[in-house]
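Reader: Could you walk me through this model, beginning with the aromatic residues?

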Amino acid sequence: MADQLIIFDTTLRDGEQSPGASMTKDEKLRIARQLERLKVDVIEAGFAASSNGDFEAVQLIANTIKDSTICSLSRANDRDIARAAEALKGAHRARIHTFIATSALHMEKKLRMTPDQVLEQAKQSVRFARNLCGDIEFSPEDGYRSDVDFLCRVIETVIAEGATTINVPDTVGYAIPELYGNFIKTLRERVPNSDKAIWSVHCHNDLGMAVANSLAGVKIGGARQVECTINGLGERAGNCALEEIVMAVKTRRDYFNLDLNIDAQHILAASRMVSQTTGFVVQPNKAVVGANAFAHASGIHQDGVLKARDTYEIMRAEDVGWTANKIVLGKLSGRNAFKQRLQELGVSLESEADNNAAFARFKELADRKSEIFDEDILALVNDEHTAGEKDQFGFVSLSQHSETGERPHATVVFTVSGKEVTGESDGNGPVDASLKAIESHARSGAEMVLYSVNAISGSTESQGEVTVRLQNSGRVVNGVGADPDIVVASAKAYLSALNKLHSKADRVAAQG
Ligand code: KIV
Ligand code: ZN
């Protein structure tokens, strides 16, 4: 019988620690819903003690998600652990994930604690956590660079105190597959009570080996949980990518002989949702979810695939959610067809009002764009989610003039607390003029740290999807806007970012 491999997604915690990838509570909930659709076993929803925003996000996700275990990270102290337990109260299945650094470098320089103090703190914390929750994960931070004898003592102690999962992080992405796999194997062999816990791997991608290291931890080391993020999002070079680990284990079942709960058909939608929400664009040649992942440009390859698909394809594009780039809907499509397509794309809108608003926007788009692709619908729904009724700023209309040799000029009409205002400005280009026109009224003083445009369905007829990242008083937010006119998309993205800056319910400090 094949063993089960547990997929632990930490997009909303470790992924969010990536500079600029901060998400609002509602965005986190949307992604959590998609992870539930994907049948992720454990969702690490945040770090409850790190801020009120993060506490609320963990709580909201715990109260909403039914099928996945919901986890909160916490440092190894009673206050953090109690806060995590409190946020997780409403969860169907809850997990507390507590960690403390165990490498000599981290203990001495960061924690300024002796190994014995760290051991004692780990022990007391797991004991405390176990009284609050039956499912406890313990991570020795920088575990891979820790002294193996000391690590064995710590792990034996926390398992004896009731830790049910032992996660061994390669916090700085220093590992090499064979060495990391053997490291996990050694720990499992040397810790006397190792069979009382599930072993987990958590690899960062600094040397581009996070997925390879995780697979080695599974194959050589016998780990049965992998921690990963959608699109490999995460600090520095990121984490192990969920889509890659899942498809490696599924595609090479002959080698790994492991079962997964994951419903891979929802992978692409999850990837797009995370990319759209954070503004972290997926590179075209990214495995599984990149635009070129299943595209064959060379004549020899195309010929081979047409004759027998498996000549050059080891996975089926449709198995991870790609559909042929066909026209799915148009001007004459009705409400039911639209609703059904949303369902097929794994999108569920909360209320009838949301459905009606999305349908109205779809009709509006169909009037301007004859062919509506899946990508258009996903962008439209994303736009719908980011444009809320209680928003401070709302887009109304835009006109701009640009001509060779002349400085572009833009007039933007938008609402501020429901009242229409008009901003005007010139600028280096039409986008610059439009955003300056908004700023002439909004006066946010925010600094733009990222501006990116992406053609949603690949041609000049497609919608442009714009991401704007703004920074103000230490807060970083992303705004996304989509429209066939990229100047309008830019204005929408800018207003969406301003709304997030304005909203107090926003963000969520990264791990402290
Ligand atoms: O990389 C790391 O060490 C972590 C731990 C907190 C699990 O993210
Ligand atoms: Zn990490």
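**Aromatic pairs and the zinc site**

Author: Tyr 174 is exposed, at 54% relative accessibility (buried is under 20% relative accessible area, exposed over 50%, partly exposed in between, with a 1.4 Å probe and protein chains only). The model is predicted, so local features need pLDDT of at least 70 and side-chain atom pairs pLDDT 80 or more, while totals for chains, interfaces and linings use all residues. Residues are numbered from 1 along each chain as written, chains are lettered from A and ligands numbered from 1 in written order, and side-chain values use heavy atoms, without hydrogens or water.

Reader: How many aromatic pairs are found in the whole structure?

Author: The search gives eight. One of them is Tyr 144 with Tyr 174, tilted, at 6.4 Å centre to centre and 55° between the planes (Phe, Tyr and six-membered Trp rings pair with centres within 6.5 Å; under 30 degrees is stacked, over 60 edge-to-face, the rest tilted).

Reader: And is Tyr 144 buried or exposed?

Author: Tyr 144 is buried, with a relative accessible area of 14%. Phe 338 and Phe 359 also form a tilted pair, 5.7 Å centre to centre and 55° between the planes.

Reader: Changing topic, which residues coordinate the zinc ion (ligand 2)?

Author: Asp 14 (OD), His 202 (NE2) and His 204 (NE2) do, at 2.0 to 2.1 Å. Donors are N, O and S atoms within 2.8 Å of the metal (3.2 Å for Na, K and Ca); water is not among the atoms, so sites may look incomplete.

Reader: Are the histidines buried or exposed?

Author: His 202 is buried at 5%, and His 204 is buried at 4%.
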